[in-house]
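Hi,

Here is the structure I promised to pass along.

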Amino acid sequence: MTATTNRPLRHAVIGAGMAGILAAIKLKQRGEHFVVYEKAAKIGGTWRENRYPGLSCDVPAHAYTYSFEPYPEWQAYYATGSEVQGYFEQVVAKYRLAEDIRFNSEVSALDWDAGTSQWTVTLADGSRDVFDVVIAASGVLHHPRLPDIEGLNSFEGPAFHTARWDDTAPIEGAKVGLIGSGSTGIQIVTAINKKVDKLVHFQRSPQWVMPVPQFQYTEEEREAFRRDPALIDAIRFADEYIGNIKRFTDAITDIDGPQMTMIEDVCRQHFESSIRDPELKEKLRPNYRAACKRLIYSWCYYEEVQHPAVFVETGKVARVEPKGVRMADGTFHELDTLILATGFQADKFIRPAGVTGENGMTLDAFWATRPTAHYAVTLPHFPNLFMLNGPTGPVGNFSLIDIAERQWDYIDQLIDLLRNGEAASVMPTVEAHNAYEERRIAAAKTTIFGSGCTSWYLDATGVPASWPWSYDAFADAMAKPVLSEYAIRTLVAA
Ligand code: NA7
C-alpha cells in the first residue's frame, strides 16, 4: 500500500512515553497534523514515573533504543532509569516534539461519531477536539497496585508505592520495610541494602534470577560509537542478542523444548551456587518454573540479598501498625519507612478514559472479560483507534521499543487506507477478532506464563494476556495487515 496522502488527516496520540514519542516522530516525518496528549508535565511515561533507587532497564541499553536513533552515550550495558529518561528527552528535543505535545492534558473520553467517521477527544478540563485517527500509546504499567493489607494507612512513617518515590523518606541508617519481590523490589534490595540499618524484605513469592553481565562502557568506547554507528549496530543487531530474543520466545512457547531447559538450567545453577545460608536458600527457592513470572535479570541480587542488613521475611503479614508490620505469628518488625513494590494494574491500558465506539459500544463493555485487541493493535467496534503496546502483545525479557516499532509499521499501513482515500474508517471484524482471540487463548494457556504461578502477565481469568507465539510469527503478522480481516468503510458509504 502506498499512500498518496490525498486526504489530510488529524491524529491524536495519547501518551508521550516511549510509544507515543515513536508515533509522534513518524507522523511528524510525514508532515501530518497530530497532537500528543500527555497527562503529566513531562515526557517519559514509565521512565518518568519510576525513580526508585536501583532502577535500571533489564534490556541491554543499545537494544532499548529506537532503531533509527542509536545512542552512543550509554554509560553501561544495562542503563539506569534516569539515563533511559534522558535518552527519550534528547530524542524529543532532536525532533522538536515539545511543540506538538500538550502537557498536563489527561484524556478523559473518546467518542466515535459514525456520521463523520471521527473521534471526539475530551480532556479532563472539559475541552474537546476532533480527530480522524486516535493512537493509544498510554502504556501498560502505570496505575500502581496497592496491597490490600489491614492498617496500611495507620503507618506513622512514610509508606509509598515505588512509582511514587518519596525522596524525603528515611533510608540511610533507617529500618526499612519493602513489600514485593518483582523486578522492582529486587532492584531496590540491591540498591539500598548497604545504606539501611535494616531492610526487611517481605517476600510473598521468591523469584528465578537469570545472571546477566553488567559492565560500564569507557569514554574511548563511546567515542568509537559516536564515530562509527556500525559498532552500535554490531551490539544491538548482533546474532547473539537477536538470537537470544528468538530463543527466549521459543522457550516461552515450547515449554518442554531445549531452549526452556537451558533457561531453567542456568537459573537453577545460579541459584544453587550463589546462596550460602541454607535457611535463606530455602526462602529464595521458587516452587514454579523459571520464566513463569517475568524473569529477574540481575548481575548482583543473590550477592546483595546476603548482606547482613537484609532479612527476607516469608511469613504471612497480618497487618500494618503505626510503628511497623505485624506478622501472623505475632512477630513485629519495627520500621521507619515502608516501600510498596507491589506492581501495577496491568489491565487498564487507556482506561480510566471512557471510550465509546460504534453503536454505543464502550471499552469497559468490550473488555468485560479481559482486555483484548486484534493482533494487539486494533479493536472491533472502535474504528480508526490503534494501540501501541496494547493488550495481547508480546511481553517478556526483550525490548518493547522493537515491538512498538513493528506495531507502528502495521498501523501505518492501515492508516494509509485513510490517507489515500480508500477508506473513511477501518477496524477488524468481530468474526476475525474472535477467531484470533480463540487461537490466542488456546495457545496462551500452553505458554510458560500459564504453567502455574501468579503474575501480571495473567488476565483476571488466569489466562496469559500476551502474544503466545514466536517472535518471528509476531514479526510476520506485523509486516502486513490481512485486509480481509477488516471492515473497511469507504468515504462514499460513510
Ligand atoms: P510485579 O512484577 O507485579 O511484582 C509485584 C510484587 O509484589 C510481587 O512480588 C507480588 O507477589 C508482590 N505483592 C503484590 N501484592 C502483594 C501483597 N498484597 N502482599 C505481598 N506481596 C504482594 O511488579 P514490579 O513493579 O516488580 O514489576 C513490574 C514490571 O515492571 C516488571 O515485570 C518489569 O516489566 C518492569 P506475588 O508474586 O504476587 O506473590
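How many residues does helix α1 have, and how far does α1 reach from its first C-alpha to its last? Helix α1 (residues 18-30) has 13 residues and reaches 19 Å, close to the 18 Å expected at 1.5 Å a residue; the expected span is 1.5 Å times one less than the number of residues.

Before going on, some background: this is a predicted model, in which local features need pLDDT of at least 70, side-chain atom pairs count only at pLDDT 80 or more, and totals for chains, interfaces and linings use all residues. Numbering runs from 1 along each chain as its sequence is written, and side-chain values use heavy atoms, with hydrogens and water left out. Helices (H or I, at least four residues) and strands (E, at least two) are DSSP runs, numbered from the N terminus.

**Helix α1**
Just after the helix, G31 takes a positive phi of about 75°.

**Q407, in α12**
Helix α12 also holds Q407, which is buried, with a relative accessible area of 0%. A polar atom of the Q407 side chain lies 2.8 Å from the backbone nitrogen of N389. Not counting residues up to four places away in sequence, Q407 touches A376, V377, M387, L388, N389, F474 and M478 (contact means heavy atoms within 4.5 Å).

**V209, in β11**
V209 sits in strand β11 (residues 209-211) and counts as buried because its relative accessibility is 0%. Leaving aside neighbours within four places in sequence, V209 is in contact with C267, H270, I296, S298, Y301 and Y302.

**The second largest pocket**
This pocket holds about 590 Å³ of space. Of the 24 residues that line the second largest pocket, V212, E240, Y241, N244 and Y297 are the closest to its centre. Two or more lining residues come from each of β11, α6 (229-236), α7 (239-253) and α8 (258-274), and α7 gives the largest share, six residues. (On a 1 Å grid over the protein atoms alone, a pocket is an open set of points where a 1.4 Å probe fits, with protein on both sides within 12 Å along at least five of seven lines; lining residues have an atom within 4 Å of a point.)

Best wishes

Key
Buried means under 20% relative accessible area, exposed over 50%, partly exposed in between (1.4 Å probe, protein chains only). A polar contact is a pair of N or O atoms within 3.5 Å; within protein, one must be able to donate a hydrogen and the other to accept it, and residues adjacent in sequence count only if both atoms are side-chain atoms. Grid points are joined across faces, edges and corners, and a volume is the space filled by probe spheres set on the points.
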